[in-house]
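Me: I'd like to learn how to read a few features of a protein model. Could you walk me through one?

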Amino acid sequence: MIGLTVVAYGTSAPEMAVSVKSALAGQPDLALGNVVGSNIFNVLFILGASAIITPLVVSSQLIRLDVPIMIGVSALTLLLAADGSIGRLDAALLFAGVVAYTVFQVVQSRKESAAIREEYGKEYGPKPTSTAVNVALVAAGLVLLVLGHAGS
């Protein structure tokens with residue numbers, strides 16, 4: 001769960017940086033276009049390319065819960081933008097949603113049984129032995145992400 005959360009937030013960091021910079025520069029259209037374009041590309045191209053390379057096995061939770069939430073949040077964003085702007089109240093609602101979803105995912109992951117953890121370990125290998133190693137890997141990944149974005 002932590003790895004997926006770090007990956008999700010870490011890979012969204014460049015879009016966040018561009019959107020904040022654009023909004024502060026008085027270019028909200030660029031900020032919104034960046035978010036929408038990134039989501040379209042990630043969902044359609046990356047997911048599609050991955051599925052072409054190898055069939056994707058998805059859990060029933062993804063189909064029953066996560067996909068409907070993604071569609072619902074997309075529709076909510078469209079509704080919030082229908083008046084021509086996404087204001088602070090709209091942003092607070094969306095931010096509260098991502099916090100609630102993250103908390104929900106953390107709670108759900110803690111309910112995992114030992115059998116699921118064992119199965120995961122067999123599939124993906126043993127966990128790294130040190131928290132310091134994990135922190136160092138996350139920090140290095142985020143630094144490389146920022147450096148890669150700065151070079152573009």
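Reply: Happy to; we'll go from the overall fold to a helix pair and then to an aromatic pair. Keep in mind that this is a predicted model.

Me: Let's begin with the fold. How many helices and strands are there in the chain?

Reply: The chain has six helices and zero strands. Following the sequence, you read the pattern α-α-α-α-α-α.

Me: What share of the residues in the chain is buried?

Reply: Of the 152 residues, 8% are buried. The accessible surface of the chain is about 11900 Å², and carbon and sulfur atoms account for 72% of that surface. As for contacts between residues at least 6 apart in sequence, 48% of them link residues at least 24 apart.

Me: Now the helix pair. At what angle do α3 and α4 cross?

Reply: Helix α3 (residues 60-80) and helix α4 (residues 88-110) have axes that cross at roughly 170° and come within 11 Å. An angle over 145 degrees counts as roughly antiparallel, so that is how α3 and α4 run relative to each other. On the α3 side, the contact involves Gln61, Leu65, Asp66, Ile69, Leu76, Thr77 and Leu80; α4 contributes Asp90, Leu93, Leu94, Tyr101, Phe104 and Gln105. By type, the residues of this contact are eight nonpolar, three polar and two charged.

Me: And the aromatic rings? How is a pair of them described?

Reply: In general, you give the distance of the centres and the angle of the planes. Here the count is one aromatic pair. Phe41 and Phe45 form that pair, with 4.8 Å centre to centre and 20° between the planes. Planes under 30 degrees apart count as stacked, so this pair is stacked.

Me: Where do Phe41 and Phe45 lie?

Reply: Both are in helix α2 (residues 28-53), four residues apart, which is about one turn of the helix.

Key: Residues are numbered from 1 along each chain as its sequence is written. This is a predicted model: local features need pLDDT of at least 70, side-chain atom pairs count only at pLDDT 80 or more; totals for chains, interfaces and linings use all residues. Side-chain values use heavy atoms; hydrogens and water are left out. Rings of Phe, Tyr and Trp (its six-membered ring) pair if their centres lie within 6.5 Å; planes under 30 degrees apart count as stacked, over 60 as edge-to-face and the rest as tilted. Helices (H or I, at least four residues) and strands (E, at least two) are DSSP runs, numbered from the N terminus. Buried means under 20% relative accessible area, exposed over 50%, partly exposed in between (1.4 Å probe, protein chains only). Contact means heavy atoms within 4.5 Å. Accessible areas come from the Shrake-Rupley method with a 1.4 Å probe; for residues, only the protein chains shown count as cover. Axes are lines fitted to C-alpha atoms, for helices over the stretch in contact, and angles run from 0 to 180 degrees between N-to-C directions. Angles under 35 degrees count as roughly parallel, over 145 as roughly antiparallel, 65 to 115 as roughly perpendicular and the rest as oblique. Ala, Val, Leu, Ile, Met, Phe, Trp, Tyr, Cys and Pro count as nonpolar, Asp, Glu, Lys and Arg as charged, and the others, Gly among them, as polar.
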